[in-house]
Amino acid sequence: MSAIALHKVDASLGGAQLLQGASLTVEPGETVILSWRRGAGLHLVMRVVLGLTRIEAGTASTLGLDLATATGAQLRALRGQCGFVPYMGMTVSNLDVFDNVALAARFHGALAEEELQEAVRAALERHGLADLAHERPDRLTGAQRRLVAILRATLGQPRLVCLEDPFMEMAELGTYHVHGAIAPLCAAGAGVLLTTHTPRVETAFEGALMLLPGVRIVSWEGT
Amino acid sequence: MRPEAYNPPMQGLARRTGRHALSQARYGSELYRHFVQLVVALSDRRRSPLLRGAILRQVYFTAVQALPVVGALALVIGGVTIVQTLSFVAGGGRFVGTLMDRVIVQQLAPIITAFLVIGRSGSAITVELGNMCVRGELELLEALGIDPLRYLAVPRLIGVTLAMVCLCVWFAFLAMAGGVVVSSLAVRVPLAAIGDSMTLTGLGFGLFKSGFFGLAISTISTYQGMAVPRSVNAVPVAAQQAVVHSVVAVVLIDAVSTLLYLSRLAA
C-alpha cells in the first residue's frame, strides 16, 4: 500500500484551481521532493494529502484512506498518524518548546505520558534545544522554531511525514538536524513528502536535500 | 436622464431595521451552532491530559486569580447594600436576612461576578484565540489532527462555567459577611434570624444562573475569538463585541430566569 496515491486529481484553493489532473505516489520508506515555483500549488498538494482540502475530481488516498469519501473524524485520525511541518505558523504560541514538541503525540495518545516526556527530552537534547525547553516560541529564531516543528512531526513514529521547505533557514543550526530527525523514520518504513520552492534541488542547501534517504525528485508543474 | 426615485425616510429606516434584525438573527443562529458543536465536542469521551491541564489553567486564571478582587468587592457591596436599606426602611433590621437572600445571593452575586468574568476572562479568551487565528495556529492544529474546538474551546467552556459558580459562592459568602458585620454594628440583628431567612432554593437559583452565565460568556468569547479573520486589526473589534454581547446575554438570561423563578414561586 502506497503512503500517498494521487491519480488525476483536481483541487482548488481560494477559488483558483491549482491542481488539474495531478498524479503522485509516495511509497513507504521513500522520500519524494516536490519542487516548483511559488503559486504552483505545492501547499495545496499538502492540504489534499492531509485531507484539509477535498478533491474535485480523480482519486486520492493517504495511508490507504480514500480522501474523497472519508468522514471528518477519519481525516482527523489520519492526520494523527502523520507528521506535518508547515512553511509558516509552525508552533503554538501559548505552549513552551517542550509542550510544542509533545503536542500532537500527547493529544493523540501516541505514547504513554512518561514515555512521551522521555522521548521529548531525548529529542531536545539530541538537537541542542534542551536549554530552551521552557521558552515560548516567540523567543526562538526562525530556524529553532522550524526545528521544533520537525521534532514534533517526527515524534511518535508517524507513518507519513509532510514537510514544507524544512531546510529553509536551517543553515544557522546545521542541516544535519533535519536528516537526523527524518532518516530513522525512513528506515522504519515511513513515507516522506517534502515540498520546496528552491530552484536547482540537487545543489540547494549545499546538497542537503540529496542526502535524504531513498530520495526521488519530482519537478511539479502545478497540473 | 431618469429622475431620482423618491425614497421616503421611514422606508429607509424600516429597511435598515429589517437588515439589522436579519443580521442579528443570523448571528444568533451561528452562536447557537457554535454552542451545539461545543456540546458535541464535549461529549467526546477520549481522555487527554492536555484537556485536563487546560481546564485547570482556565479555572486558575478565571477563579483563583480573581478571588482577591471579587472578595473585596463583595465585602463592600454587601455592607453598602445593608446600610442603604437600613437608612430608609424603618425597622429594616427585620428584613436583613431576606434582603441578603433575595438581593445579594440571588441577584448581585451572579450578576457582578459575571461582569467581572466578562471583563477579565471573556475578553482575554477572545484576544488569545483571535491572535492564534491571525498567526494561523488554528489551521496548524487542524493539520495535526487536533480539533480546535475540543482543544481550545471546550476547556474554556468548562473552566469558565466552573469558575463562575465558584466565584458566585465566594462573592455571596463574603457579601453576606460584610452585610452581617454592618448590620450587627447598626441594628444588632441576631445571626440566627439572618440564617433563618436564607433559603436553599435562593442559593440554588443564584448558582444555577451563574452556571448559565458561564456557559454564555465562554460560548460568545470562544466564538468571537475563533471567527477572527486573518487580520491583526480584527482582534480588538472581536474583543469589544465579545464583551458587549456577553453583557447583553447575561442581562437577558438574568431577566428571563428571574421571571420564571418568581412565577414558579407565585404558583
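The following is a dialogue about a predicted model and the terms used to describe it.

Biologist: What conventions apply to this model?

Modeller: It is predicted, so local features need pLDDT of at least 70 and side-chain atom pairs count only at pLDDT 80 or more, while totals for chains, interfaces and linings use all residues. Residues are numbered from 1 along each chain as its sequence is written, chains are lettered from A and ligands numbered from 1 in the order in which they are written, and side-chain values use heavy atoms, with hydrogens and water left out.

Biologist: Why is A:W36 called partly exposed?

Modeller: Buried means under 20% relative accessible area and exposed means over 50%, with partly exposed in between, for a 1.4 Å probe and protein chains only. The relative accessible area of A:W36 is 31%, so A:W36 is partly exposed. A:W36 lies in the loop between β3 (31-35) and α1 (42-49) of chain A. A:W36 and A:T196 are 160 residues apart in sequence, yet 6.8 Å apart in space, C-alpha to C-alpha.

Biologist: What secondary structure does chain B have?

Modeller: Chain B has 9 helices and 0 strands. Helices are DSSP runs of H or I with at least four residues, strands are runs of E with at least two, and both are numbered from the N terminus. The C-alpha trace of chain B spans about 80 × 65 × 35 Å along its principal axes, and buried residues make up 46% of its 267 residues.

Biologist: Where is the kink in helix α4 of chain B?

Modeller: The kink is at B:L108, shortly before the proline B:P110, in α4 (residues 96-134). The bend at a residue is the angle between axes fitted to the seven residues ending there and the seven starting there. For B:L108 that gives about 45°. After α4(B) comes B:G136, with a positive phi near 80°.

Biologist: What makes the crossing of α4(B) and α6(B) right-handed?

Modeller: A crossing is left-handed if the near helix is turned anticlockwise from the far one by less than a right angle, and right-handed if clockwise. The crossing of α4(B) and α6(B) falls in the right-handed class. The two helices pack at about 145°, with axes 8 Å apart. Axes are lines fitted to C-alpha atoms, for helices over the stretch in contact, and angles run from 0 to 180 degrees between N-to-C directions. The contact has 23 nonpolar, 3 polar and 2 charged residues. Here Ala, Val, Leu, Ile, Met, Phe, Trp, Tyr, Cys and Pro count as nonpolar, Asp, Glu, Lys and Arg as charged, and the others, Gly among them, as polar.

Biologist: How is a cavity told from a pocket?

Modeller: On a 1 Å grid over the protein atoms alone, a cavity is a set of points where a 1.4 Å probe fits but cannot get out, whereas a pocket is an open set with protein on both sides within 12 Å along at least five of seven lines. Lining residues have an atom within 4 Å of a point. Grid points are joined across faces, edges and corners, and a volume is the space filled by probe spheres set on the points. The search finds 1 cavity of 30 Å³ or more, and its lining includes A:V48 and A:L75.

Biologist: Which residues lie nearest the centre of the largest pocket?

Modeller: They are A:Y87, A:M88, A:G89, A:M90 and B:R135, out of 30 lining residues. The volume of the largest pocket is about 680 Å³, and its lining divides into 10 nonpolar, 8 polar and 12 charged residues.
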